[in-house]
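Have a look at the chains first.

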Amino acid sequence: MSRSRRYTTQLSRTVAAFGAAVCLLSVAATNVSATPPTPASGTTWSPNQRVEYHWKDVAPPPAWMKAAINAAAQDSNESRGARAAIFSQSDSGTSSIGYTGDIPTTYAVAYTIGNLPTSFGMRFRPQGYPLDWGTLRWCQFYDLPPTGCYDAEMIALHELGHAQTLDHADDAVVTNWTDTIMHWAPKTKAKAGWNQHAFGICDVARLQIRYQPLDSTTAYSTCLDLDTQLALTTSATNVLYGRNATFTARLSVAADEIYASLASDPVSARKVVLQQRPVGGSTWTTLGAMSFLDYNGRYSRSVTITNDDDYRAIFATPLSEGLNGSTSLAVRVTSYDLDSCSAPGINVYIYTC
Amino acid sequence: MPDGAAALRLPATTLMVLALVAGACAVGAPAGSPQVTPSPAVTAASSAVPTSGSTSAPGTDITSASTRPTAYPTSSLSAVTGGPPAGVVEAARAQPVTGHLGSYCWDATCSDEFELPTSSTLPDLTVTSAEQSLSFSLSPGIGFVQWSASYTTGKSADLVPLAGGGAAFDPDSTASPPPALFSATFAAPPKGDWTLVVSIHFGPHAGGGDATYAWHAMVR
């Protein structure tokens, strides 16, 4: 091989490797899950509706099963990230949970009927029940859970997911198993995900879509990919030299978001920075973070005005939630001094500038 | 021409590699609605209208190809109360076989089997050749919007993807719902004795939901 051809080959490999590296870096830099929000259907509960369940009189679960179900209710309440239903056990609850072989479908391990927004009914097959593929084993029944048992707390959380209106995930488009707890075939011990005790990020995404995040400070699931919009206003556009102008920014989910329930939602307690640039200049300077103002997605910062400058607010794309960054339009503030003002009228100390 | 200048002319193969890498970056970077191709990347046909000449299970009614639904059928949900519709797989020159209904969510009710029944208890589907195509549909002619087919020697944890198609229906999105599908055609599993599984998601006409069906497929 000639020296020229060897050099070309080496350069080609280098270029190809660089291109592959750029590609990998660009993909790795994004924080959005490839798994879509978990499918869902049906009527929802009211926001933060308290839903109480009683143990079905003729088929109460044994103590170990009750504990697992109650733990799952707590898991749902703590991991929902949205104003989905809040579950708790109460003997006077309108919803019911039973432990019985009396289930309409022959091979079902668990069964949930929704009657939203009034109640739900749920049934679990008992420990040791013979099914076509083997004997049903609940891990919580054992002091040393055997391989192949089903974690009752995880299964109960799956059923509570149905009670929250979540359907089964399409496993063909799930890239990480734990992105959702709503698989039609959950794992048994000791396969990865067998004892997941929280909703997956894509379950949370759907709950946030259907029920709204807990409040405007709640992080949006990284299973979402929401655009934001940022608006900036100033208390005055023409300020006496050395006096302050107060800038107020408002951050919200984009108004044209395809999930109408989230469109224009305020986004509070995030990091929004204020930048400044001389009029006619090209370089922006970061003045610092804007302070949280209220739960309507507003932030503020006061600036001492000494020049004619443009200002803008920036919300950088966070790595920890499914929001995309945004930049406000620029706002211009000019300064004036008293020398440039006309004299006030007699007994009236008002300058015209 | 100096050696250095000649070295800067990249071979065609390198340009192709760079083009493929650029294309992979454009497709692979998540943005908006993610597109995930089921593996293996077998091209499968999903017909938005019923296949002409298709047979139906006895007693069922499948819309003929001459009447094309504009979006979704006007058949009432009441025709399939009490649970999801039956799922049927048909091999060439064979009778359609209704599958075992597994886990589903339908009409505010979810039934969770979690594991596949043993193949010997499933409806038998005989496929005379591994080169054959199989066609899945719902009875009585209910549409679906997303589907995936897979097979296993028995356990759900060991499912091997065969093919998939359609698009998810998102009831909470302002995007237009995907078109209804009335059949899905895919390649048969390889020669052997398998459990064949077809999972589908329903569209807005059915109020959403999903279902999984299974057969004992004997591929010769």
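Helices (H or I, at least four residues) and strands (E, at least two) are DSSP runs, numbered from the N terminus. This is a predicted model, so local features need pLDDT of at least 70 and side-chain atom pairs count only at pLDDT 80 or more, while totals for chains, interfaces and linings use all residues. Residues are numbered from 1 along each chain as its sequence is written, chains are lettered from A and ligands numbered from 1 in the order in which they are written, and side-chain values use heavy atoms, with hydrogens and water left out.

Start with chain B. Of its 220 residues, 45% count as buried (under 20% relative accessible area; exposed is over 50%, partly exposed in between, with a 1.4 Å probe and protein chains only).

Now for the second largest cavity. A cavity is a set of points on a 1 Å grid over the protein atoms alone where a 1.4 Å probe fits but cannot get out, and its lining residues have an atom within 4 Å of a point. This one is lined by 13 residues, with W184(A), G102(B), S103(B), E113(B) and L116(B) nearest its centre. The largest share of the lining, four residues, comes from β4(B); in chain B, β4 (100-106) and β12 (210-219) each supply at least two.

On to the charges: there are eight salt bridges over all chains, each a side-chain nitrogen of Lys or Arg within 4 Å of a carboxyl oxygen of Asp or Glu. One of them pairs R123(A) with D102(A) at 4.0 Å, N to O. R123(A) sits in strand β5 (residues 119-124) and D102(A) in the loop between β3 (95-99) and β4 (110-115) of chain A, so this pair ties together parts 21 residues apart in sequence. R123(A) is partly exposed at 23% relative accessible area, whereas D102(A) is exposed at 54%.

E321(A) and R270(A) also form a salt bridge, at 2.7 Å, N to O. They are 51 residues apart, in the loop between β15 (309-315) and β16 (326-327) and the loop between β10 (244-253) and β11 (272-278) of chain A, respectively. Both E321(A) and R270(A) are buried.

D310(A) and R332(A) meet at 2.7 Å, N to O, in another salt bridge. D310(A) is in β15 and R332(A) in β17 (residues 331-336) of chain A, so parts 22 residues apart are tied together. Finally, salt bridges that share partners join R206(A), R210(A), D170(B) and D172(B) into one network.

Note on methods
1 Å grid on protein atoms, 1.4 Å probe; cavity = no way out; pocket = protein on both sides within 12 Å on 5 of 7 lines; lining within 4 Å.
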